Amino acid sequence: MSDFVRLDPADNVVTAVKPLEAGVPIEQTATAMLIPRGHKIAARPIAKGEKVIKYNQVIGYATRDLAAGEHVHVDECEFRATDVEYTFGTDVRPVTMVPEDQRDTFQGYPRADGRVGTRNYIAVLSSVNCSATACKHIADAFGPDELVAYPNVDGVVAFTHGTGCGNYGEGMKALQNVMWGYARHPNVGGVVMVGLGCEGNQIEWLMEAFGLEVGPRFQWMNIQNVAGLRRTIEVGVEKVRAMLPVVNDIERETCSASELTVALQCGGSDAWSGVTANPAVGYASDLLVAQGGTTVLGETPEIYGAEHLLTARADEATGKKLLGFVQWWEDYTRRNYATLNNNPSPGNKAGGLTTILEKSLGATAKGGTSPLAAVWDYGEQVTTRGFTFMNSPGYDPASVTGQVAGGSNLVVFTTGRGSAFGCKPSPSVKIATNTELATKMSEDMDINAGTIITDGKTVEDVGREIYDYWLAVASGQLSKSEAQGLGDLEFVPWQIGATL
């Protein structure tokens, strides 16, 4: 194993594979000081104001004259807004689709609307924070002793939040997209929705707008109409208990891999995210797209500075829609006295990431090389197959909540610093970017992409491993986050705008 990695011949920095003392040979130079693992080293002299290049892309500008062998990090490299020229359709690589009769399969739950679930939950959804306690108590009433009689039901889960009244415009639209996306999700076999009664987010209005009808699999009530919290909990438990045999009355069947929609997510990223795990997930994404399946990249602030790579893979209308969301974020952060370079986080920086441009280039790799087929607003229903993008924040729980609301029935989550993330109703598969993390958090990491560095595996090798694991988890195998009971508290609808 080499002491460093060069990612492109045009780069003027390389990355340390392990902690390096001063004097370690690096190409035509040597390290000038201690270099932490995953951090960048100047491969040649870099003048003040000169572009710092990694992945053959600009990740920042030198804050001073840098000698070859110096550490290049937050004090030596500054962020500036991107000035790239956007093109559309200039890097579209046609996908060789697998014929329908030769496609891979998994064991899933077919739904009446044609979609397929990878899990089969009963959801207890609050319309407003005022009904959150009722929802939680209803779900908590169903433990393993009762559910063992319903082997096809994965559980009863309360999805509660901190809003639903006093927020309007974009914020209310986002919440409603999420609520009704979960209510109609293919991994949800039954729903009990609970409101207070006087909130702005009225259940009856939204049932009409989103086409939901009361029946064996969908019930609702308001605390004010039922006559209080205690009685609401009792009625809710009765409704769920009546729903259990109905939801249980379905079995897994052989379904095409084309019915998978995978949310592509990263959190606790480090310098290896863009070298190992994210490119491997990108390869898996391409494999699924070739099967007729769908992947959904998110976190708009974390493609900032790399959006030109995505517009080049899209037609003009799709590319401009993406750029519109990027511009919205520039305005949004400006209005809130922030900057998009507030990201990366302290943990990201400790792991070797210096600017949002560097982080974004690595994060975008999760999207592979397939054409960008569609761009969605937060929580919108994903109705176009192929590789797609959803506008969402860089805060992982809020971003994933939107992707799941859009219909993602599986989540893949890469991490370099470590994450204990789960996501009901969609199972979350976690990919470690480095072997040290995979060893340290072996109970949490499903796959170790660090073997690309430590064991000589290729991106394609690990990408195929990830794709095959998706099929296994979609068929019912528990991911490690599921096995540990994660996923009940990661429902976080994105709160946008003023609360009145």
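The model is a predicted one, in which local features need pLDDT of at least 70, side-chain atom pairs count only at pLDDT 80 or more, and totals for chains, interfaces and linings use all residues. Residues are numbered from 1 along each chain as its sequence is written, and side-chain values use heavy atoms, with hydrogens and water left out.

Helix 4 itself spans residues 203-210, and I203, L206 and M207 are buried in it (under 20% relative accessible area, with exposed meaning over 50% and partly exposed in between; 1.4 Å probe, protein chains only). Down the helix axis these buried residues fall within an arc of 110 degrees, so they line one face; the arc is taken over directions from the axis to the C-beta atoms. W205, E208 and A209, on the other side, are exposed. The buried set packs against helix 3 (170-183), strand 14 (188-195) and strand 15 (218-222), with contact meaning heavy atoms within 4.5 Å.

As for aromatics, the whole structure holds 14 pairs (Phe, Tyr or Trp rings, the six-membered one for Trp, with centres within 6.5 Å; planes under 30 degrees apart are stacked, over 60 edge-to-face, the rest tilted). W328 and W494 have ring centres 5.8 Å apart and planes at 85 degrees, so they sit edge-to-face.

Notes:
Helix = DSSP H or I, 4+ residues; strand = E, 2+ residues; numbered from the N terminus.
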